[in-house]
Amino acid sequence: AIENTHYITHTNRVSKLLLFLKYSLLLYLFKAKDKKQLDAIISKKNKNTRFLQSKYYPVLYHQPDIFHLQWAKSIEDWMWVQEFGMKLLLSLRGTHVTVSPIANDHWQELYSYYFSRMDGFHAVSESMISIAQKFGVHSKKVKVVRSGIDLSKLHFTPKIAVNDSLNILSVGRSHWVKGYPYALDAMKILKNSNIDFNYTIIGVEENEELIYQRASLALEKEVTFLKNLPFQQVVESMQKADVLLLSSVEEGIANVVLEAMALGTIVISTNCGGMGEVIIDKENGFLVPIRDSEAMAEALKSVLELPANDYQEIRSKARATIENQYSDEHMVVGMKDLYLKVLNNEL
């Protein structure tokens, strides 16, 4: 419940300093021995001492039963919590675990060393379990809790089947893992097939590589690049779109896909990461192989040719998938169960 949630944050240098002074004093008065022990740990790190104290002191003072770390690359910074009796739980999500350890040996070695010392893992998809196993983690230490979507903000709205022009949308940061060059190649295939369409990518407005590719493919009239937009504007764009295209080469579970499905916008996604756990091809969306522009273009043509009944059935099944598996309520129940298992050493 929101009334049981407490935030310890700072907004500027002054508030950060005040926060540091507050918790320095509280630890000195009530947990002097623990403070001394933590300061000794901090002194051994090759990092800014004051910065680490500002970050660590509130955690030590409140000393939660479980410290839930959201991003794997921070794992080395937080191993110390176990020395004070806190359980350490790590979420397996995003490029931190899917891409970084493949691209950089540093992360491969770091994860191989530290993952076995975790008290438990939260995974956003079944596909993450096999990734954890690569670093010596037993599958029993990992619990899958799927991402939760606030359905009260994502209303299933009426739509009619597409029959003339396709309004295609992608949403995501400007990063190679999103596979946008393959999506642009798919748009060129559509143009060469004399299909009327427009394609918008939100979040890549100044990507020089994509701007160059768009020009070289002569797609300036059909393709638009936008900057990052507030969530509500993204939702409105998804509601207007005929298709949400996820062209990624790697994902855990893409939230934008879950949001589009909840809204009733048909999704075409590459079969990367955990996306095959969400989408059943031609039932609640479309799945295509990664890096396959031809397959993306064929799937887009399929949406354009869908009979009205099939179009509505796919939309309805997509919404049902989100309601049955990806609601906030399901996520909360799953996370509570995970926390209890970690506390009781059942993982």
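Which residues lie nearest the centre of the second largest pocket? They are Lys-178, Glu-251, Ala-254, Asn-255 and Val-256, out of 27 residues that line this pocket.

Before going further, a word on the basis of the values. This is a predicted model, in which local features need pLDDT of at least 70 and side-chain atom pairs count only at pLDDT 80 or more, while totals for chains, interfaces and linings use all residues. Residues are numbered from 1 along each chain as its sequence is written, and side-chain values use heavy atoms, with hydrogens and water left out.

**Pockets and the cavity**

Rolling a probe the size of a water molecule over the atoms shows where empty space is left. On a 1 Å grid over the protein atoms alone, a cavity is a set of points where a 1.4 Å probe fits but cannot get out, whereas a pocket is an open set with protein on both sides within 12 Å along at least five of seven lines; lining residues have an atom within 4 Å of a point. Grid points are joined across faces, edges and corners, and a volume is the space filled by probe spheres set on the points.

| Space | Volume | Lining by class |
|---|---|---|
| Largest pocket | about 1,200 Å³ | 14 nonpolar, eight polar, four charged |
| Second largest pocket | about 690 Å³ | twelve nonpolar, nine polar, six charged |
| Largest cavity | about 40 Å³ | four nonpolar, three polar, one charged |

In these classes, Ala, Val, Leu, Ile, Met, Phe, Trp, Tyr, Cys and Pro count as nonpolar, Asp, Glu, Lys and Arg as charged, and the others, Gly among them, as polar.

The largest pocket has 26 lining residues, with Thr-5, His-6, Pro-64, Ile-66 and Phe-67 nearest its centre. Helix H3 gives the most to this lining, six residues. Elements here are DSSP runs numbered from the N terminus: helices (H or I, at least four residues) and strands (E, at least two).

For the second largest pocket, two or more lining residues come from each of helix H5 (95-98), helix H11 (231-240) and helix H12 (255-263).

The search of the whole structure finds one cavity of 30 Å³ or more. Its lining consists of Ser-170, Val-171, Lys-178, Tyr-180, Leu-245, Leu-246, Ser-247 and Ser-248. Strand E5 (165-171) and strand E8 (243-246) are the elements that give two or more residues to that lining.

**Aromatic contacts**

The whole structure holds 13 aromatic pairs. Rings of Phe, Tyr and Trp (its six-membered ring) pair if their centres lie within 6.5 Å; planes under 30 degrees apart count as stacked, over 60 as edge-to-face and the rest as tilted. Tyr-56 and Trp-80 make a tilted pair, because their ring centres are 4.9 Å apart and their planes stand at 45 degrees. Tyr-56 belongs to helix H3 (residues 49-62) and Trp-80 to the loop between helix H4 (75-78) and strand E2 (87-92), so the pair ties together parts that are 24 residues apart in sequence.

Phe-67 and Trp-78 are stacked, because their ring centres are 4.5 Å apart and their planes at 25 degrees. Phe-67 and Trp-78 are also buried. One aromatic cluster is formed by Tyr-56, Phe-67, Trp-78, Trp-80 and Phe-84.

Technical notes
Buried < 20%, exposed > 50% of the residue type's maximum accessible area, 1.4 Å probe, protein only.
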